[in-house]
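Please keep the sequence and the coordinates at hand while reading.

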Amino acid sequence: MEKKKQFLCGVVEGFYGRPWSMDQRKVLFQWMQHWGLNTYLYGPKDDLKHRLLWREVYSPEEEAQLRTLIAEAQSRGLRFVYALSPGQDIVFSSACDLTLLKRKLRQVSDLGCQAFAILFDDIDHSMCQADSEAFSSFAHAQVNVTNEIYRFLGEPPVFLFCPTEYCGSLCSPSVSKSPYLQTVGEDLLPDITVIWTGSKVISRKLSVDCLAEVESVLQRPPLIWDNLHANDYDSRRLFLGPFKGREPQLRNQLRGLLLNPNCEFEANFIPLHTLGSWYRSGKEERKDEECEYCPDRALSAALHDWMEELNQPLQAGRQSTRGDQRSSAPTSRCKTPERSDCPSTFRGGSGVAKLPVFPLNSSSPPSSPTKAKEEREGRDGEKKRSNQPGQPNHQPPGSRPGAPSGGSRGQKAQGRGICGGKGLLSESQVRLLVGLHYLPHEHGPSAQKLLQDLTWLKSNCHLVSANTKKTPPQKVDEWRGRASRFLSLCEDIAQLHCSVVGGANRAVLYDLYPYVWDLRNTALVAKAFICWLDGRVLSDSSTLGSWRNCFHWCGKTTGADLLGVESEPWAFKGGVSGEVQMLLPIGSSSELFSHPPPLFPTSRLYNIRPYHSKDKVELYRMVRQLHLRTQGGQESTIAHPDIIGDRCLGPCLALCPEYSFILEDELGVCGCVLGILDVRSFAKRCQASWMPAMRDKYPPKGSNAHPSTQDLIQLMEEDQGEYPDSLLYHFPSQLRLDALPELVDISVSRTLLTALLTALKANGSQGVFCEVQPTDRQRLEFLTKLGFLEILRGEARSREGVVLGRLL
């Protein structure tokens with residue numbers, strides 16, 4: 001009897017998505033034993049034999065693994081609860097279905113399991129005709145089957161029932177007046193425990209009053225299925241914050257509390273560590289301050305222990321290869337739709353997929369002989385570039401914050417080194433990581449600072465606009481000082497990404513990488529945009545753009561404002577990345593920010609910033625290299641080394657440098673994107689000033705002029721031809737993207753392009769295009785590979801180039 005009344009505290013594996021591996025569960029059991037937790041509930045939604053194919057028994061191989069897992073849990077003093085979800089298609093009045101349900105649970109019982117759960121969550125309330133004739137209500141049907149199963153299993157000491165109305169927001173018309181819950185409370189056998197998630201599916205807090213109301217209706221204390229750290233409803237969010245919002249005194253009104261955590265196993269160290277602290281504090285009889293649960297103190301203790309875990313090498317079998325993408329479409333409790341292509345979590349378990357073996361500090365590991373050859377060529381190219389002379393790398397007087405000057409790729413950026421090898425994550429970096437991925441209803445300190453500064457800088461950018469009237473110097477200094485702090489935090493995020501990839505623990509890397517990578521890319525765009533605002537954004541007096549009007553498309557509402565206390569977290573998706581995104585001019589274009597991470601993580605440290613005049617030499621060298629590789633123009637470029645740069649980049653750099661962005665890594669410049677805000681006015685300026693300067697720079701010298709040079713000069717003339725009004729009406733702006741072929745991480749190119757689109761939109765552009773000649777297939781493939789530019793054909797000039805366009 002004493003054992004029956006034990007407070008159940010532990011973990012429920014009940015998320016939608018790929019179930020944890022058997023080895024991960026064994027590590028989980030070690031954690032739980034060490035932290036004083038006592039219960040594990042097995043119920044992954046995407047195990048077919050748990051939910052969709054619940055009628056099927058386990059194969060002998062699956063039986064063996066399940067028996068081993070049950071024994072492993074019991075050997076560590078844990079209660080193993082096996083859950084089954086038959087509610088999607090069970091016919092409650094069918095004797096056959098009831099027999100199959102008993103057969104399945106008897107099979108698990110024979111494997112040593114002594115605790116069970118029947119789950120009827122996330123299903124339709126309607127009944128088939130046979131059930132409607134046999135039962136007076138949906139609740140009566142569920143209760144009847146549950147009671148019979150409970151008796152069949154011998155009335156085990158732990159038997160859980162999850163109702164269809166499992167939280168306050170799902171009860172109709174309310175918790176106290178719900179006919180469904182009233183039937184459950186009255187007719188469900190008294191020793192069966194009812195599962196509850198709180199006032200919401202994901203409850204910010206659990207209050208004594210709300211739980212007292214539920215206990216009164218159910219006529220028993222509920223068990224909390226806590227979704228505080230569940231992240232399967234949003235593919236861009238991860239929750240590393242402490243267990244919070246549940247006072248230990250709530251235990252007096254609960255049968256237990258099980259945490260349904262992140263899908264990513266390695267992300268759950270802090271949530272489960274702090275849950276253990278919460279549970280142990282409630283058991284202490286002493287009431288001194290040291291025994292009271294404090295989330296911040298529990299977080300510090302968990303961080304201390306996690307630091308040791310993070311800097312340990314990967315343990316064999318700790319992590320299986322990730323092969324599925326979680327959907328971001330919410331459905332109900334854990335909010336991702338069912339997938340029918342997932343095998344049982346026990347099937348083929350002896351052959352746990354191994355991690356790919358490759359050096360993670362390289363740009364991209366080879367996966368085939370061809371890839372290996374490309375990789376060698378890329379490294380050779382890097383060595384060649386690193387040996388090239390460059391310009392001094394110093395900050396010019398009066399330069400804007402975060403806008404370093406140019407230099408060759410052989411000169412590593414100041415204060416930054418190549419992120420490689422198996423480095424150690426520092427405590428400040430781990431705190432930054434946790435603060436950026438905190439809790440569903442609350443951002444950590446670093447995330448709050450990031451969003452507050454970005455909001456303020458956006459709201460006050462008129463202080464540093466290109467055409468503003470005189471602004472008091474102290475106001476300008478205030479804006480630039482705050483911008484400097486914001487840029488520093490963005491650089492810390494980039495360095496964090498680098499350190500995670502270069503860290504010793506590969507298991508943690510694979511689970512956290514998509515999230516730190518996503519935030520790194522968003523921070524790169526935000527950092528470049530803040531750098532660009534200073535002296536480049538147009539104020540309200542401009543006829544081309546109005547920053548005041550931009551607040552419509554920047555998004556007035558942050559995620560925190562949109563959510564409020566009563567909203568579920570999936571009302572606004574994306575977390576910190578999503579909120580930063582919505583503060584940018586093109587934040588509503590989610591496809592610019594949401595794309596899969598590269599298959600192989602790279603620890604290369606990238607930076608995107610506005611162009612500075614010192615970058616011209618390196619940019620010219622880069623496009624000359626590209627031209628030599630693709631067009632074979634070696635003779636003309638030796639005679640006239642600037643002619644390729646003058647044709648491809650010169651007009652933009654000379655006439656509208658404010659719409660040029662640089663991509664650089666530790667070796668220097670590796671890409672650029674150049675923009676033109678208004679093509680019509682730009683063409684007029686080219687004819688008035690740029691082309692005369694080119695004719696002077698490359699005068700015809702009779703027979704001494706090289707034919708290739710003459711051809712290129714003629715092409716410069718043709719480049720200034722007129723585009724049709726039908727194109728410019730929708731796409732008044734133009735861009736050109738160049739990057740070295742060794743840049744294998746396409747996501748960085750997309751991020752670079754997004755930075756330019758942000759600037760163009762901020763100054764009033766409604767659309768942008770990029771023209772590529774049909775003969776330049778390599779360039780066309782490169783741009784098309786970015787995946788988010790709509791391809792428009794037939795809109796170009798007589799030579800029928802291909803135009804890639806995008807409305808902003």
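A residue is called buried when its relative accessible area is under 20%, exposed when it is over 50%, and partly exposed in between, with a 1.4 Å probe and protein chains only. Helices (H or I, at least four residues) and strands (E, at least two) are DSSP runs, numbered from the N terminus. The model is predicted, and local features need pLDDT of at least 70, side-chain atom pairs count only at pLDDT 80 or more, and totals for chains, interfaces and linings use all residues. Residues are numbered from 1 along each chain as its sequence is written, and side-chain values use heavy atoms, with hydrogens and water left out.

The protein chain contains 26 helices and 15 strands. Of its 808 residues, 58% are buried. Contact here means heavy atoms within 4.5 Å. Among the contacts in the protein chain with a separation of 6 or more, 80% are between residues 24 or more positions apart.

In soluble globular proteins, nonpolar side chains tend to be buried together. A nonpolar core is a set of buried Ala, Val, Leu, Ile, Met, Phe, Trp, Tyr and Cys residues joined through side-chain atoms within 4.5 Å. The largest such core has 199 residues, and F80, Y82, W306, W479 and F661 touch the most other members. Helix α14 (residues 506–533) contributes the largest share of this core, 18 residues. A second, separate core of 22 residues includes L8, L41, A115 and V158. Leaving aside neighbours within four places in sequence, the contacts of Y82 include Y42, K104, F116 and also A115.

The expected span of a helix is 1.5 Å times one less than its number of residues. For the 16 residues of α2 this gives 22 Å, and the end C-alpha atoms are 22 Å apart, which agrees. The buried residues of α2 are E62, Q65, L66, L69, I70, E72 and A73. Seen down the axis of α2, these buried residues fall within an arc of 160°, so they line one face of the helix; the arc is that of the directions from the helix axis to the C-beta atoms. P60 and S75 are exposed on the other side of α2. The buried residues pack against α1 (22–35), β3 (79–84) and α3. Just after α2, G77 has a positive phi of about 75°.

Buried in α5 are F138, A139, A141, Q142, V143, V145, T146, N147, I149 and Y150. The cover over these residues includes α3 (95–110), β4 (115–119), β5 (158–162) and α6 (179–187). After α5 comes G154, with a positive phi near 85°. E155, in the loop between α5 and β5, also has a positive phi, near 50°, although E155 is a residue other than glycine. At 45% relative accessibility, E155 counts as partly exposed.

Which way do the residues of strand β6 (residues 193–196) point? T193 and I195 point one way, V194 and W196 the other way, and all are buried. In a regular strand the side chains alternate between the two faces of the sheet. Two strands pair if DSSP finds at least two bridges between them. β5 and β6 run parallel and are joined by two bridges, with L160 opposite T193 in β6. The chain passes from β5 through α6 to β6 in a right-handed β-α-β crossover; right-handed means that, with the strands pointing away from the viewer, the path from the first strand over the helix to the second runs clockwise. β6 also pairs with strand β7 (residues 223–226) in the parallel sense over two bridges, and W196 stands opposite I224 in β7. The β-α-β crossover from β6 through helix α7 (residues 208–218) to β7 is right-handed.

Some loop residues complete the picture. P173 lies in the loop between β5 and α6, and a cis peptide bond with omega about 0° joins S172 and P173. D122, in the loop between β4 and α4 (129–134), has a positive phi near 55° and counts as buried at 16% relative accessibility.
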